[in-house]
Amino acid sequence: MKNHAWRPFLVAGGAVALLLTVRANVVPSDFGVNGRNFTYGFYRKGAIAYWKAVKVKYRGREYCQDCHEDKEKAIMASPHKIIQCENCHGPAIDHPDNPPKLTIDRSRGLCLRCHALLPYPGTNRASIPGIDPDEHNPRQACVDCHNPHHPNLEDMK
Amino acid sequence: MNPSRRKFVKTALAGGLAAALPLSALKMLSPAEAHASIGNDKVRWAFVVDTEKCVGCGLCVKACKLENEVPYDAPVTRTWVERYVITRDGKSHIDTPKGGRDGFTSPKIRDEVIPADEITQAFFVPKLCNQCSNPACVQVCPVGATFQTDDGVVLVDRSWCIGCGYCIMACPYGVRFFHPVYKTAEKCTFCYHRISKGLKTACVQACPFGARQIGNLKDPSDPVTKIIMTQRVAVLKSEYGTKPQVYYIGFDERVR
C-alpha cells in the first residue's frame, strides 16, 4: 500500500487513542457496574459516600433532654409528648455550638397544623381539639394564652 | 508448507482465545444463586405509611425540607401530603397546598367551600419516593448518574447528573424534580445519611402520630416487616411493575 493510504488509518488510530486517554482521565476509577447489574447498578461508588456525609440536622428528643431535663419532663407529662422538640424549636444541628440559640416558631400557623378544625370524621384530626381560626381570637398568638408545654386549659396563662 | 502453517495459526488463535476465557464465564448459575448474589443480604429498606393515623399537620414535609436542604419556598419537595375529600355526589376533591408543608389549616379546597354534611370520606395521604425494586427512573438514565444501592435505595449522583430530566419523566409517581440550586435531578433518599447511622428518617422522626415508619425488610423481627407480612397493605400503581417498597395501610383506590 502507498504511504498516503496509511494516513487516514493513522488519524483514526490517533483519535481512538485520544478518546481512550481522555476517558481514562475523566471517568472516575470507581465508576462501573457496582450494583446488582448494568441496568440498576451502573454508577460511581463515591456517590454513596457523598449521600452518607450529609449533615444530620434533626437530632431528636434524646439530644435535647440531656441539658433541658426540666422542659422534657414537663412536655412528657402532657398530651404534646408525641411532638418532637425540634418540630417547634427548629433543627438543633450542633446546638449549643452552632447555632447557639434556636429560633422558636411561635406562630399561629404552627398550632393550626393540628388544631384548625376540619370536618373530617374519619380521620384522627377529628379527635384533636380544634378551633376555627377566623372565629377564635383571630390575629392573636396562641402562645399568649396557651402554654404549649402545659396545653391543658386549666394551666392557661 | 502453506496449508500446515495456516492450520497452525488457526489452532493457535483458537487455543489462545479459549485460554483467555475465564472458567467462571462458563459456569451456569441456578436462579436461586443468581438471586442471592443480588444486593445486600442483610438490609433492604422499606417504608410503611399509615393513612389512618395521618392528620395532615405537614411536620414531615417541613422536617424533610430543612434536613435535606431543599429550598424551603421553592415549589418542590421530596415528600408531600395529599388531602382527599369525597363528597356525596361521588366527586373527589384533592389538593396539596405547598405540598402540605404548612399543614392543612382550612376546610377550603382550591378556594372551594365543601359543606361538612356533603363529605362522605376524607383522609390524608403522605407520599414520598417508593424506592422501587425495579426503578424506571434508573433504567432511563443515559449516563449512570442514578442508581440503586445494595440496600435498595435509589440515589442521584449530583456530580455525574447532566440534568436531562429523563428520570423525572420516567417516574410513574412524580417524586423526582429538578433541584433549583444544584441543577440536577433530586429525589427522596430515605435520608440515607440518617438510616445508615441507625437513625430514623427526618419525616419519620418528625411525625407525632406514627403515620410513617421505616424498617429493614430483611429483618423478620422489624416492626415494619411484621406490618407488611401480617397486615393488609397496598402499594401505588402496582400495574407498572416497578415493585414499589412504600406500603400503605388504609389504601383507597382513588389514591393514584
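With which residue does R78(B) form a salt bridge, and how far apart are the closest N and O atoms? Please then describe the setting of this pair in chain B.

Analyst: The model is a predicted one, and what follows should be read accordingly. R78(B) forms its salt bridge with E186(B), and the closest N and O atoms of the pair lie 2.5 Å apart.

The domain assignment gives the setting. Chain B is divided into domain 1, made up of 45-132 + 188-249, and domain 2, which covers 136-186. The contact draws 24 residues from domain 1 of chain B and 20 residues from domain 2 of chain B. Between the centres of these two domains, taken over C-alpha atoms, there are 21 Å. About 1,700 Å² is buried between domain 1 and domain 2 of chain B, and carbon and sulfur atoms give 59% of that area. Across this interface the rule finds 1 salt bridge, while 9 residue pairs are in polar contact, both residues of each pair being at pLDDT 80 or more.

Chain B also meets chain A. Here 62 residues of chain B and 45 residues of chain A take part in the contact. The two chains bury about 4,300 Å² between them, with 60% of it on carbon and sulfur atoms. The rule finds 3 salt bridges across the interface of chain B and chain A. One salt bridge joins R44(A) to D157(B), with the closest N and O atoms 2.7 Å apart. On the side of chain B that touches chain A, the elements giving two or more residues include α3 (59-67), β2 (80-87) and β4 (119-127). The largest share of that side, 5 residues, comes from α3(B).

A further element of chain B is helix α8 (residues 223-230), whose buried residues are V224(B), T225(B), I227(B) and I228(B). These four lie on the same side of α8(B) because they cover an arc of only 160° around the axis. P223(B), M229(B) and T230(B), on the other side of α8(B), are exposed. The cover over the buried residues of α8(B) includes β1 (45-50), β9 (212-216) and β10 (246-249) of chain B. At the start of α8(B), a side-chain oxygen of D222(B) comes to within 2.9 Å of the backbone nitrogen of V224(B).

Technical notes. Residues are numbered from 1 along each chain as its sequence is written. Chains are lettered from A and ligands numbered from 1 in the order in which they are written. This is a predicted model: local features need pLDDT of at least 70, side-chain atom pairs count only at pLDDT 80 or more; totals for chains, interfaces and linings use all residues. Side-chain values use heavy atoms; hydrogens and water are left out. Buried means under 20% relative accessible area, exposed over 50%, partly exposed in between (1.4 Å probe, protein chains only). The arc is that of the directions from the helix axis to the C-beta atoms. Contact means heavy atoms within 4.5 Å. A polar contact is a pair of N or O atoms within 3.5 Å; within protein, one must be able to donate a hydrogen and the other to accept it, and residues adjacent in sequence count only if both atoms are side-chain atoms. Domain bounds come from an automatic or database domain assignment. Buried area is the accessible area (1.4 Å probe) that two parts lose on being put together, summed over both. A salt bridge is a side-chain nitrogen of Lys or Arg within 4 Å of a carboxyl oxygen of Asp or Glu.
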